[in-house]
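Please consider the sequence and the three-dimensional model shown here.

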Amino acid sequence: MQKPGEMHVRQHQLSQDMRMVQSDYWPVEALCESSRPTHTQPQLVLTFGLRGESRFRETSGREIAFSAGHLTVTSFQASQGERLYRAGERVQQLRLILSAANVRHYFGEIAAAGLLQPQLKRHLFCRFGHATAAQLNQAHHDPLRLEIQALSLLALHRHQLQPTETLHKLHPQMIERLEQARDWMRNHLADAFSLSALALAAGLSDYQLKKGFQQHFHCTPGAMLLQMRMEHAHRLLEKGFQVAQAAWQVGYQHPRNFSVAFQRFFGRPASAITGRKRED
């Protein structure tokens, strides 16, 4: 039985250079692991959070979160940073690691061109449903069953990484405006604004904004805004901000509404996030 202070990692080599990695970390003290993976070609990694949460922090300071109940999809060829785990929190994850050949085979050349990036990039961060949870709850040791499990997980989420819209490339000017809208959101997390206001700021119609976000970012503007707000609030809480203060900083006038949204997003209450005491 797993005990606090123990860390286990099991790797399974599947067919066509695909790997499955099952990790179970339960550090007594806060853990920081250095990571400098380098590969000859980009890889695509699907990380399914089973329990707890961890983060990867690049040397640039950019962070990527991995949370229970969420799928995080990243790609990279070379990356340097640290994997961060909290003291006393058990973190269980299952990762599917696909080679460039895997990605081309399962997703097609068009989708692969966007998914395979030399620098670390997050393509997707979303909650997974009951069907995925049912697959993840199955414990297999037989190589054939592991292979079936991996392919089933891929089949459940391939549509999120291979949207039909990728067949129609966006005009560079449209991409620039969509990224302008994303940056505008990031700079106005504390403000209350509507979809129409965001579209106006980017010089787009409401329809263009919604459709463009689905094509370029593979999510809705609302989903991206929620993710930005929750991740920023998480960082504030770690710095020692109170729940009400963090809520206000990310656009919630009522702490109760923020607490409900935070619990739903991360699977743990905002009050459970503790950091160093903030000196005002």
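This is a predicted model: local features need pLDDT of at least 70, side-chain atom pairs count only at pLDDT 80 or more; totals for chains, interfaces and linings use all residues.

In soluble globular proteins, nonpolar side chains tend to be buried together. In this model, the largest nonpolar core holds 28 residues. Within this core, the members that touch the most other members are Leu44, Leu46, Phe48, Leu96, Leu98 and Phe107. Several elements contribute two or more residues to it, namely the strands β4 (38-51), β7 (70-78), β9 (91-98) and β10 (121-127), together with the helices α1 (100-107), α2 (109-115) and α4 (143-161). Helix α4 supplies the largest share of this core, five residues.

When residues up to four places away in sequence are not counted, Leu98 touches Met18, Gln43, Leu44, Leu46, Val103, Tyr106, Phe107 and Leu154. Another core lies apart from the largest one. This other core has 17 residues, including Met230, Ala233, Leu237 and Phe241.

The next topic is a sheet. Strands of a sheet pair through backbone hydrogen bonds, either parallel or antiparallel. Here, four strands form an open sheet in the order β3-β8-β5-β6, and their pairing is antiparallel. Why is one side of β3 and of β6 left without a neighbour in the sheet? The strands β3 (31-35) and β6 (63-67) stand at the edges and have a single partner strand each, so one side of each has no neighbour in the sheet. From one strand to the next, the twist averages 20°. Strand β5, which covers residues 53-58, pairs with β6 in the antiparallel sense over five bridges.

For Gln16, phi is near 55°, a positive value in a residue other than glycine. Asp17 is not a glycine either, and its phi is positive at about 65°. Are these residues buried, partly exposed or exposed? Gln16 has a relative accessibility of 44% and therefore counts as partly exposed, whereas Asp17, with a relative accessible area of 55%, is exposed.

Aromatic rings form a further theme. A pair of aromatic rings is described by the distance of the centres and the angle of the planes. The structure holds nine aromatic pairs. Phe265 is buried at a relative accessible area of 9%, and Phe266 counts as buried at 5% relative accessibility. Both residues belong to one aromatic cluster that is formed by Phe125, Tyr252, Phe258, Phe262, Phe265 and Phe266.

Finally, the cysteines may be examined. How many disulfides does a search of the whole structure find? The search finds zero disulfides. Cys219 is in no disulfide, and the nearest cysteine sulfur, which belongs to Cys126, is 9.9 Å away. Cys219 counts as buried because its relative accessibility is 18%, while Cys32 is partly exposed, with a relative accessible area of 42%.

Conventions: Residues are numbered from 1 along each chain as its sequence is written. Side-chain values use heavy atoms; hydrogens and water are left out. A nonpolar core is a set of buried Ala, Val, Leu, Ile, Met, Phe, Trp, Tyr and Cys residues joined through side-chain atoms within 4.5 Å. Buried means under 20% relative accessible area, exposed over 50%, partly exposed in between (1.4 Å probe, protein chains only). Contact means heavy atoms within 4.5 Å. A disulfide is a pair of cysteine sulfur atoms within 2.5 Å. Two strands pair if DSSP finds at least two bridges between them. Axes are lines fitted to C-alpha atoms, for helices over the stretch in contact, and angles run from 0 to 180 degrees between N-to-C directions. Rings of Phe, Tyr and Trp (its six-membered ring) pair if their centres lie within 6.5 Å; planes under 30 degrees apart count as stacked, over 60 as edge-to-face and the rest as tilted.
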